[in-house]
Number of protein chains: 2
Amino acid sequence: MPRNFADRLLDAVHAKQNPLCVGIDPIYARLPAEIIEHKALNDESDAEAALDAVLEFCRRIIRIVAPLVPAVKINSAFFERYYWEGLEGYFDLVQEAAERDLIVIGDVKRGDVGHSAEQYARACLADPSFLNLDDRVAPDAVTVNPYFGLDGVRPFIDIAREEQKGIFVLVRTSNESAGELQHLTTAEGLTVAECLAAQVSAWAADEGLIGESGYSCVGAVVSTRDLDEARRLRARLDKSILLIPGYGAQGLGVEAIAALLGTNGDGAIVNASRSIIYAYQDPEYNEDGEQGWESCVELACKNFISRLSGHVVSS
Amino acid sequence: MPRNFADRLLDAVHAKQNPLCVGIDPIYARLPAEIIEHKALNDESDAEAALDAVLEFCRRIIRIVAPLVPAVKINSAFFERYYWEGLEGYFDLVQEAAERDLIVIGDVKRGDVGHSAEQYARACLADPSFLNLDDRVAPDAVTVNPYFGLDGVRPFIDIAREEQKGIFVLVRTSNESAGELQHLTTAEGLTVAECLAAQVSAWAADEGLIGESGYSCVGAVVSTRDLDEARRLRARLDKSILLIPGYGAQGLGVEAIAALLGTNGDGAIVNASRSIIYAYQDPEYNEDGEQGWESCVELACKNFISRLSGHVVSS
C-alpha cells in the first residue's frame, strides 16, 4: 500500500525544509528568447511548434526547481490551449516531475454531477488503467470545484482513498471577484466559503483518508489577504492541508500565509507561479536584462523559500 | 458578422419545432453489442480500441438525431477519460455535429481565475486560430462554472462576443447534493443560486450580447423540480436562455420544464442524455430486447419531442 498522500506531501515539505510549490502556467509570449529561438520553426501560430517551445521551457523549470521544492502545480488550462497535443504534453510534464520525486498537483479545477465527476476523476487523478497507457502516471493530487456539493467531489475522494492520492477543494480563491459568490453571507453570519470549509472538513474527516500526520488526503485551496478570515478558515479546515495560491504575482503577504499555515506551521503548501517562472523579466533578478533565465528562476525560487523560512517546521 | 448565438439557437429551435438537446455522455460498458463487436479489436482495457467504439457510437447518434433536434450537448468528461486521444475524438464529434447543422454545446464546466480562464476560453470555446488547426471548429457554446465570480467568466463572455458564441453559466444543477452549496441562504433570504442568477442576469444584459430575439449569448444551466424555485430563477434570468438538464434519466418533469421555459415558451432548451442514447436498454423501447439500437434512439428522441410539444412556440 503506498503511503497516504498527506503524509507523503508533508514528508516532502520536511525533506526540502520548505512548503513552496512552483506553479507551472506557461504562456508562449513570455518565453525566454533562448527557448523561442532554439528551434527555427517555433512560431506562436503553429500549435505544434509553440507547444514544443512551451514544453521545453517547462521541462527545464522542473529540472531547476526539483532539488529545491517539495511540489509543483501544473495548470492544465495552459496546455489544453494546445488541444489534444497540449494535453499529452501536460501528462508528459506530470511524468517528468514525478520521476524527479516532486509531488505533482494537477491544477484542473474539475467539477460536475456524480456520473460525470466519476469520469473526470478517472481522467485526471487515477493512474491510467489502460493496457497501452500503463507506464503513465497521473498527478498525485488535483484541484476540484465544489459547486455541485458532495456528489461531485465524492468520485475524486474515492480515487484518493483507493490510490492514496489527494484533492484540494476550492474554498477561497485569490482573484479580485472571488467574493461575489464566496463572500455571500448566510443568515447565520457565515460566508459561503466558511460554510464550504465546514463541509470540506466533514469530508476530510473520514478515517480512511487521514494519515499518520493527522492530516487528510482531502485538502483545500484557500487564499485571502484578510488575516481574520485566514484564521477562521484555517480553524474550520483543521484536518486539511491548504494549497495557498496568490503568493508572489498576486501579492499575498507572509502574514496571511503564516495564519493559514496553522499552529504547527506545516498545514499548508504555498504556491508561486509567474513570479518564479518569469523571474528573468523581473528587475529584482535581472536588472541589466543580461542574466540567464534559468539562473533567475533558481534565484527567485531560493528567494521565495527564504522568505517563507520563518514559517515552516524543521522536522 | 455571424448571427448572434441566442438568435441562432432559437432559429434552430423554431426550425425543428422543439427545444430538445441530446446529451452525449458515452460509457463503454453501455454500448450496444453491435458496436462493441464490429471491430474484433475492441476491448475496454485498450484505450484506443475502446475510444474507437465510443466514437463510432456517438457519430451514429449524431446522424440519427440531427434531423430531429436543434442541438446536442457533448460532455467532455466522457472523452477526457481517454486522455489526449479522447480529447481529439471530442473535437471530431464537435465537427461532425456542426457539419450536420446542429448547435453544439461543449459541456466542459470549466472555471478558473481570470488569466487561467482566458486559456480555457481559448481552449474550449474559441475556434482554433493555429495554422495547422484552422479547419477545426470549437463548440457554439460551453458550460462555465461561476465559483470564481465575474473574473473567471469574463474571458468566456469576451470570446462569445467576438465570435458570436454562447455560454451557459451553472446556476442550479440537478444532482442530489446540489443544494449543499447552491441552497445556502443569505441574510436577505435568497439562495446562493438566486444570488448567482441575479449576477448572471447583469452579465447577460450587456448590449453587445443581446440578439434580435431579446435573449443574450450568456445563458444559464438551471434544473429544479421545485416549481416555485423554477419560476423565481426564470424571472431573475430574464435575458438568458436556460439549458435544462435532468430531463429523462434524472426525472425532471414537464411542469418544471414549463415553468423554466418562460412565458413565450422559447426561453430554454431541454437536455436528455442517457434516456435517449441508451434507449435500447429501456423496456419502453425494447421490450423483447430485439429492437435495433438505432431505431430505439430515434423512437426515444421522437417520444421526448412529443412530450415537450405543448411547451414550445411554433414560429
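Axes are lines fitted to C-alpha atoms, for helices over the stretch in contact, and angles run from 0 to 180 degrees between N-to-C directions. Helices here are DSSP runs of H or I with at least four residues, strands are runs of E with at least two, and both are numbered from the N terminus. The crossing is right-handed, meaning that the near helix is turned clockwise from the far one by less than a right angle.

The model is predicted: local features need pLDDT of at least 70, side-chain atom pairs count only at pLDDT 80 or more, and totals for chains, interfaces and linings use all residues. Residues are numbered from 1 along each chain as its sequence is written, and chains are lettered from A in the order in which they are written.

In all, 57 residues of chain A are in contact with 57 residues of chain B; contact requires C-beta atoms, placed from the backbone, within 7 Å. On the chain A side, α3 (47-65), α4 (77-80), α5 (83-99), α6 (114-124), α7 (150-163), α8 (179-182) and α9 (192-204) each supply at least two residues.

Chain B holds a closed barrel of eight strands, β1-β2-β3-β4-β5-β6-β7-β8, with parallel pairing. Pairing takes at least two DSSP bridges. The twist averages 30° from one strand to the next. Strands β6 (residues 216-222) and β7 (residues 240-244) of chain B pair over three bridges. V221(B) stands opposite L243(B) in β7(B).

Note on methods. Two residues are in contact if their C-beta atoms, placed from the backbone, lie within 7 Å.
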